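Here is a short walk through a protein model with several chains.

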There are 4 protein chains.
Amino acid sequence: MWLRTCCDLAFDIGVPTPFVLMLRPRSGAQQWVAREEYRLTPYVPVHEFTDGFGNLCQRFVAPPGRFSVHTAAEVKTADSIDRAPGAPFVEIQQLPDDVLGYLLPSRYCESDRFGAMATEIVAGAAPGYDQVATIENWLRNSIRFLPGSSDQPLSASEVEARGFGVCRDLAHLGIALCRGISIPARLVVGYLHGLEPMDLHAWFEAYVGGRWYAFDATRSELHAGYVSTGYGRDAADVAIYTQFGPPVYPVLQKVEVRRGAAPQETTSNGS
Amino acid sequence: MWLRTCCDLAFDIGVPTPFVLMLRPRSGAQQWVAREEYRLTPYVPVHEFTDGFGNLCQRFVAPPGRFSVHTAAEVKTADSIDRAPGAPFVEIQQLPDDVLGYLLPSRYCESDRFGAMATEIVAGAAPGYDQVATIENWLRNSIRFLPGSSDQPLSASEVEARGFGVCRDLAHLGIALCRGISIPARLVVGYLHGLEPMDLHAWFEAYVGGRWYAFDATRSELHAGYVSTGYGRDAADVAIYTQFGPPVYPVLQKVEVRRGAAPQETTSNGS
Amino acid sequence: MWLRTCCDLAFDIGVPTPFVLMLRPRSGAQQWVAREEYRLTPYVPVHEFTDGFGNLCQRFVAPPGRFSVHTAAEVKTADSIDRAPGAPFVEIQQLPDDVLGYLLPSRYCESDRFGAMATEIVAGAAPGYDQVATIENWLRNSIRFLPGSSDQPLSASEVEARGFGVCRDLAHLGIALCRGISIPARLVVGYLHGLEPMDLHAWFEAYVGGRWYAFDATRSELHAGYVSTGYGRDAADVAIYTQFGPPVYPVLQKVEVRRGAAPQETTSNGS
Amino acid sequence: MWLRTCCDLAFDIGVPTPFVLMLRPRSGAQQWVAREEYRLTPYVPVHEFTDGFGNLCQRFVAPPGRFSVHTAAEVKTADSIDRAPGAPFVEIQQLPDDVLGYLLPSRYCESDRFGAMATEIVAGAAPGYDQVATIENWLRNSIRFLPGSSDQPLSASEVEARGFGVCRDLAHLGIALCRGISIPARLVVGYLHGLEPMDLHAWFEAYVGGRWYAFDATRSELHAGYVSTGYGRDAADVAIYTQFGPPVYPVLQKVEVRRGAAPQETTSNGS
């Protein structure tokens, strides 16, 4: 399935403001970025680096005035989301070194306080994928998905107390529950085709059966159409933009995901 | 100043238990590890790796029964702690890529909620080192240092609400306040000569004037005698031991820091 | 200056053949990638990773038959190449850890055998930038730039003995000479506007005065128009494609670099 | 098997000389460092870092005069070296990202020129471990092991032309041959109990059957008694010391490897 994603951000900047952006999808086994466009207006010098999670991050200082960011991509994504009922729990001692960190509590996923609750939720499920699927299902039934219900990230504890939340909130609680039973889990930020209302999206992945699998408690069922742009332990690591100094809020945040743009059609104006 | 540090831990293990230890001091500009001893009893195969913060971590599975860890070191440390009143704030865009992460909120340092409070505390102080020194002093006067007052890590918000805490608690609040005014800050775990009662210690470092400087609100004044064993964003990253599965508590945790052990004296039995 | 770069490769594959490609320019202080296009025909699953030099690498297995790679980019590059006559030599102990490796000899830059020769060439030049400029100039006068004179990479010793070479050959010898006097140097591969005959290009960078500067002995003078796609110690690290198994040679390798493609013009069909 | 290793180096330094040392064994699945001693005389500030191969490196500037380095360790090593006849060749596309680099040619292993020769040598051997064992055996029969025959590292081509060499030379040729048939290979530097004459030792490892296995063409058969201190692509990466500026040669290099030092005996003076 080919998808065209597009994200436009605009800010009214008062004083020179350092930014870090994390908006670039990367090619991986489940998605291929065939075209990408990235435009800052006005143009400013940018330093790009790869963070500890493998994300491509852009650092720059936005000058006073209207500052806009345009990013678009044409991405081939998997036609169906990989699922693996029965995939086993990976013993801690078998986890790759760089997966270990996804077992630790983090800013918005206080997994150190969710062990008992997680154990109760997954009672009876086979260790591994089925436990995570049970957690995902528990989230669907217990935490109401309410787009627009919060601007700032909430922690798993806050989400659990509140009983409703945005996509990121459900993912944070899911992650905290997974880690609570020693299953590595991470936040994914990106796009989802068909999302209503359209916006950037967040879901989570759990490491079972020797690899990462996607879970999304905001959907009744997982369909294809996901494009990942960033990975991290939680929203603190993987904000689409991190801004320093006096807070600046976007005056525009427009997201589009459309099907199409077969690669052949782009040949003539591509080179 | 030469110091001999020693830490003994013992656990009664019920089921095979995966551990990650982080107890090895590393040589750096301010300390030199001349001798080191590390013993697990019984002996088990160990895999060592360097984590994302530069810490040497040991992974292994402890077998059922009494399991003990003995680690000792002879370390040359600086005769006085570096201080730099007046060292300037480093503009975000000048920070090294790998320091940026220390500006983000983390599990026990919810810096995203401490901006206003930090700004109020440092009012009037010169941006940079002096702001951190003001925060350190505010901690001394506002949060009572009460060794033994908590077993589990508390977050900066919890510490602030409570008004007292262990060394780690004061450090967490200090870190959250620094990050709240865009100064990178990290937790340091290690040893302190002369600590009463003797135990492992925690303090924090802030990045100002182009390098990291140590701060410790549990002391009325900073004297030499620190040996660092680990660095991280907060206690979630830099636990001396992380254990997975059913909780296991140490039946023994003995820490010693003595002066002495000049390097010449160790020659004869060293080889 | 806006440049549109384009590189088309095609191979006739006999047996499934693993490839690693390194063709993606990255945004940095001196270039900004506003649009990028990347197409494999037929489409195959790709795994992308960042190598130890910061390059984005794509791994995949090309199936039997005609296999083609199309990559294009619109890049804003600096209007003039930074130069810094007089920039000082950086003392070894002041070099960043990750620059140290660029002092070591490597496959095609046997710098361990060029100390005496380099010392002689730079006699009288001020330590640092001026030494490298002297080496660059010596290369211009001593090694004839002969496009098409070799297919396989040659080492610095071979180039010096031969007295002529392609762009990569001159760069290898320049790097070996720089390292011979303890100046870190690395190979850069990419595009150069106006190159005749048009092809991919290679030049080198030296670390003096606290940063990397570009040098290119194939030009009588450095003009703007460079787009970097990869960095490494020499051509072994930074091949545009590395292929494993029975050798496969491109049946097509077409490179284009054109001026233009102002970012405004791309807006309408960009989203 | 418990081993006590010891290495003493001494230099007569004329001008302040930057050094990088790589002499610290690390704990891994096959060895455990129970005690370690490290002494520089006179004492100088040291910066330690982990290089791209996982080695612990120490940077410092040696002052004029006699400068000595003493390092000793008590290490538990495996009682027998792992062997795996029949272990299969790992397809390139299955290799971990960080193993890929060990397929590339490097300073002293011009594997790009050993494909035909390697193919001929391993003719008939099962792909994987058996091919490497065949190469190891070919080295035993074709290249005479002659301790002390060279001071400077030689490349695989030079070794092959010469027909004899030190341990490092045989390893370089073995590595080039392995890479020539797309088997990742790396140099290991360390200690070997029972070596005559005693000195630091070098051997190589090949990645087959999903992990690294040791090979050593200088022994007629592999016995236990190896302690690794460093890994790299070849001797350029993994010199026990790298020194910059006017060459300085050790006036003393003394190596000892003894059996013994059971961990219990060290308890009383260890803490």
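The side chain of S228(B) is in polar contact with the side chain of Y231(B), at 3.3 Å. A polar contact is a pair of N or O atoms within 3.5 Å; within protein, one must be able to donate a hydrogen and the other to accept it, and residues adjacent in sequence count only if both atoms are side-chain atoms. S228(B) sits in strand β12 (residues 226-232) of chain B. Helices (H or I, at least four residues) and strands (E, at least two) are DSSP runs, numbered from the N terminus. S228(B) is buried, at 10% relative accessible area. Buried means under 20% relative accessible area, exposed means over 50%, and partly exposed lies in between (1.4 Å probe, protein chains only). Leaving aside residues up to four places away in sequence, S228(B) touches P25(B), R26(B), Q31(B), V188(B), V189(B), G190(B) and W203(B). Contact here means heavy atoms within 4.5 Å.

A word on the ground rules. This is a predicted model, in which local features need pLDDT of at least 70, side-chain atom pairs count only at pLDDT 80 or more, and totals for chains, interfaces and linings use all residues. Residues are numbered from 1 along each chain as its sequence is written, chains are lettered from A and ligands numbered from 1 in the order in which they are written, and side-chain values use heavy atoms, with hydrogens and water left out.

Now look at chains C and D. How many residues of chain D are in contact with chain C? There are 31, and they meet 31 residues of chain C. Together the two chains bury about 2,500 Å², 50% of it on carbon and sulfur atoms. Buried area is the accessible area (1.4 Å probe) that two parts lose on being put together, summed over both.

Charged pairs also span this interface. Eight salt bridges are counted between chain D and chain C. A salt bridge is a side-chain nitrogen of Lys or Arg within 4 Å of a carboxyl oxygen of Asp or Glu. One of them joins D112(C) to R107(D), at 3.1 Å from N to O. The polar contacts between chain D and chain C number 16 residue pairs, both residues at pLDDT 80 or more. On the side of chain D that touches chain C, at least two residues each come from β2 (17-21), β4 (47-50), β5 (56-62) and α1 (97-100). That side divides into 15 nonpolar, seven polar and nine charged residues. Ala, Val, Leu, Ile, Met, Phe, Trp, Tyr, Cys and Pro count as nonpolar, Asp, Glu, Lys and Arg as charged, and the others, Gly among them, as polar.

Some chains stay apart. Chain B and chain C do not touch, and their nearest C-alpha atoms are 11 Å apart. No contact joins chain A and chain D either; their closest C-alpha atoms also lie 11 Å apart.

Step back to the salt bridges. Over all chains the count is 76. One pairs R24(C) with E36(A), with the closest N and O atoms 3.6 Å apart. This pair crosses between chains: R24(C) is in the loop between β2 (17-21) and β3 (31-41) of chain C, and E36(A) is in strand β3 (residues 31-41) of chain A. R24(C) is buried at 6% relative accessibility, and E36(A) is buried at 7%. Both belong to a network of salt bridges that links R24(A), R26(A), E36(A), E48(A), R24(C), R26(C), E36(C) and E48(C).

Another bridge runs between chains B and A. R59(B) and D97(A) bring their closest N and O atoms to 2.8 Å. R59(B) lies in strand β5 (residues 56-62) of chain B, and D97(A) in helix α1 (residues 97-100) of chain A. R59(B) is buried at 7%, whereas D97(A) is partly exposed at 28%.

R140(D) and E136(D) form a salt bridge at 3.1 Å, N to O. They are four residues apart in helix α3 (residues 129-142) of chain D, so about one helical turn separates them. R140(D) is partly exposed at 23%, but E136(D) is buried at 4%.

The whole structure holds zero disulfides. A disulfide is a pair of cysteine sulfur atoms within 2.5 Å. For C178(A), the nearest cysteine sulfur is that of C109(A), 9.8 Å away. C178(A) is buried, with a relative accessible area of 0%.
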